[in-house]
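Here are my notes for your first look at this model. Keep the viewer open and follow the points in order.

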Amino acid sequence: MLCRYVHLIWQLACNNAEMLIMGQGNSVAVIRQPDMIPLLEEPQIDVDWGSAIQVKPGDICACSREALTQDGYMTGYMEKRRGCVLRIERLWQQCSGRLLTRTILLLDHQRYCHVVARISIVLKAFPPALKRYLVESDVPFGSVLYDAGIRPILLHRRYFVLSEVLPGMAVSPYRKCCPHFFGRFHEMTDQKGNLLASIHEVLP
């Protein structure tokens, strides 16, 4: 069962964050983290995306390959394959009015992390009501686009591997075949070729 094996979840209570690292058996260590990062703040907790090493699709481990090479939204794929509903939790977020950049966790209702992503969203490509929803909502970006009837084109797909995602984050039970963390990068455009977003996604 997922709850017996996932080693890292993020919890918020009274606007304070705690990182729960679950060890063997029933041992649990709770580490206090900084308060939720407000808008326009620099990241205090983030993935070292710069350490990513590019790989070919055939180099991705078998337990991650299908999720990363499929052409749909990662959120929809994970929800269908793992039987859950995912919502985002921000590790940090910046909004300039024209560009929304953030690193997020995709969590299920038990607050287990399925995906870590860094997304830069071009807000000027969206109508005002949708801009505000993207900034404030906990609905994943792909789900927002799908519900709005926006069918983007995915371009410049690349794959990468990281030796670590976040400090203390262990490999999830869905990926038992290797100790590494594989991910993908792509850009989203609308049907006219206007850039909507640039996305890095990695499977913990």
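Are tryptophan 49 and phenylalanine 160 buried or exposed? Both of them are buried. Bear in mind that this is a predicted model.

1. Start with the aromatic rings. The structure has 2 aromatic pairs. One of them joins tryptophan 49 and phenylalanine 160. Their ring centres are 6.2 Å apart.

2. Tryptophan 49 sits in the loop between strand S3 (28–33) and strand S4 (53–55), while phenylalanine 160 belongs to strand S8 (residues 153–162), so the pair ties together parts 111 residues apart in sequence.

3. Turn to phenylalanine 126 and phenylalanine 141. Their ring centres lie 6.2 Å apart with the planes at 85 degrees; planes over 60 degrees apart count as edge-to-face, so this pair is edge-to-face. Phenylalanine 126 is in the loop between strand S7 (113–122) and helix H4 (128–136). Phenylalanine 141 is in helix H5 (residues 141–147).

4. Next, find histidine 156. This residue is in strand S8. Leaving out residues up to four places away in sequence, histidine 156 touches Phe185, His186 and Glu187.

5. In sequence, histidine 156 and glutamate 187 are 31 residues apart. In space, they are 6.2 Å apart, C-alpha to C-alpha. Their side chains make a polar contact at 2.9 Å.

Technical notes
Residues numbered from 1 in each chain as written. Predicted model: local features only at pLDDT ≥ 70, side-chain atom pairs only at ≥ 80, totals over all residues. Heavy atoms only, no water. Phe/Tyr/Trp six-rings, centres within 6.5 Å; stacked < 30°, edge-to-face > 60°. Helix = DSSP H or I, 4+ residues; strand = E, 2+ residues; numbered from the N terminus. Buried < 20%, exposed > 50% of the residue type's maximum accessible area, 1.4 Å probe, protein only. Contact = heavy atoms within 4.5 Å. Polar contact = N/O pair within 3.5 Å; in protein donor to acceptor, adjacent residues only side chain to side chain.
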